[in-house]
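Subject: Structure for your review

Hello,

Here is the structure I said I would pass on.

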Amino acid sequence: MLDISFSKAYLLCCATLILIRWTESKSVEYVTCGTVAKLYNIDLKVRLHSHDVKYGAGSGQQSVTGTDLSEDINSHWEIKAQTGKHCKRGEPIKCGSIVRFTHLTTKKNLHSHLFSSPLSGNQEVSAYGNDGVGDTGDHWYADCSGDYWERDDDIRLKHVDTGAYLMASSLSYGRPINGQKEIAAVKNPGPFSTHWRVKEGIFIHKDEPNDFHSDYLHTEL
């Protein structure tokens, strides 16, 4: 009788652990508030990138480019709520939500406005603001098809102020950012490279510590 009771308790414990692990694995599938990750353009196979290099024309703000290097720290972006709003760390991001992307090393936000981009003449995309504080030009809709933004989703990012979609251009810059692709925004996403997926990074979940920034080192010369 004791053996039977022990077996039942053991099986119940195992089933509970399996359920917990399954639940945890499901939560890992979502992109969440506070996540730091790289955004990968699936068409041109470049990662969204920035650095302390300003555009020589247009707005003169910090440039945003696409790089094919996977290990560069300057391709990390922290995902936050829109300006003046707050989202709980680890909370899954709903499709259709307005979000900001703050560049981890320079603390400027992914931004767009009605300046022309340097190479293709589309809408310029820059990095703007101070210590994560900018304006409504930093706001992007997470354009995905489900209830929540999942890590393996190929999504579009639609600029709230102008209605243009974040895209990677096939055109490349010369020095000092030789070979990096132009990043711009377009009103008609159809023929352009406007699909993005989250890649390498730290995916924050509820009740996790928030001191992960100290783990990063600047790797670009």
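R151 lies over the face of F203, 3.6 Å from the ring centre. A second contact of this kind involves K199, whose charged end sits over the ring of Y40 at 4.9 Å from the centre. Please keep in mind that this is a predicted model.

Aromatic pairs

A search of the whole structure turns up two aromatic pairs. In one, the ring centres of Y30 and Y148 are 5.6 Å apart and the planes stand at 65 degrees, so the pair is edge-to-face; the cut-off for that label is over 60 degrees. Y30 comes from the loop between α1 and β1 and Y148 from the loop between β8 and β9, so the contact ties together parts 118 residues apart in sequence. Y148 has 30% relative accessibility and counts as partly exposed.

The other pair, F101 with W149, is also edge-to-face, at 6.4 Å centre to centre and 70 degrees between the planes. It links distant parts of the chain as well: F101 is in strand β5, W149 is in the loop between β8 and β9, and 48 residues separate them. Both F101 and W149 are buried.

Disulfides

The structure holds two disulfides. With the bonded cysteines numbered in sequence order, they pair 1-2, 3-4.

C33 and C87 form one of them, with the sulfur atoms 1.9 Å apart. The torsion about their S-S bond is about 65 degrees, so this disulfide is right-handed. C33 lies in the loop between α1 (2–28) and β1, and C87 in the loop between β4 and β5, so the bond ties together parts that are 54 residues apart in sequence. C33 is buried at 6% relative accessible area, and C87 is buried at 18%.

The other disulfide joins C95 to C144, S to S 2.1 Å. Here the torsion about the S-S bond is about -115 degrees, so the disulfide is left-handed. C95 sits in the loop between β4 and β5, while C144 sits in the loop between β8 and β9 (156–159), 49 residues away. C95 counts as buried at 18% relative accessibility, as does C144 at 15%.

Largest pocket

The largest pocket has a volume of about 230 Å³. It is lined by 13 residues, of which C87, E91, I93, K94 and S97 are the closest to its centre. β4 (77–81) and β5 (98–103) are the elements that give two or more residues to the lining. By class, the lining has eight nonpolar, two polar and three charged residues. C87 also takes part in the disulfide with C33.

Backbone

Most residues other than glycine have a negative phi, and most peptide bonds are trans. These are the places to look at with that in mind:

- R175 and P176 are joined by a cis peptide bond, with omega about 10 degrees. P176 is in the loop between β10 (165–172) and β11 (181–186).
- K45, not a glycine, has a positive phi of about 60 degrees. The residue is found in the loop between β1 (36–41) and β2 (46–54).
- D131, also not a glycine, has a positive phi of about 55 degrees. D131 lies in the loop between β7 (123–128) and β8 (140–143), and at 62% relative accessibility it counts as exposed.

Regards

Terms used. Residues are numbered from 1 along each chain as its sequence is written. This is a predicted model: local features need pLDDT of at least 70, side-chain atom pairs count only at pLDDT 80 or more; totals for chains, interfaces and linings use all residues. Side-chain values use heavy atoms; hydrogens and water are left out. Helices (H or I, at least four residues) and strands (E, at least two) are DSSP runs, numbered from the N terminus. Buried means under 20% relative accessible area, exposed over 50%, partly exposed in between (1.4 Å probe, protein chains only). On a 1 Å grid over the protein atoms alone, a cavity is a set of points where a 1.4 Å probe fits but cannot get out, and a pocket is an open set with protein on both sides within 12 Å along at least five of seven lines; lining residues have an atom within 4 Å of a point. Grid points are joined across faces, edges and corners, and a volume is the space filled by probe spheres set on the points. Ala, Val, Leu, Ile, Met, Phe, Trp, Tyr, Cys and Pro count as nonpolar, Asp, Glu, Lys and Arg as charged, and the others, Gly among them, as polar. A disulfide is a pair of cysteine sulfur atoms within 2.5 Å. Rings of Phe, Tyr and Trp (its six-membered ring) pair if their centres lie within 6.5 Å; planes under 30 degrees apart count as stacked, over 60 as edge-to-face and the rest as tilted. A charge sits over a ring if NZ of Lys or CZ of Arg is within 6 Å of the ring centre and within 35 degrees of the ring normal.
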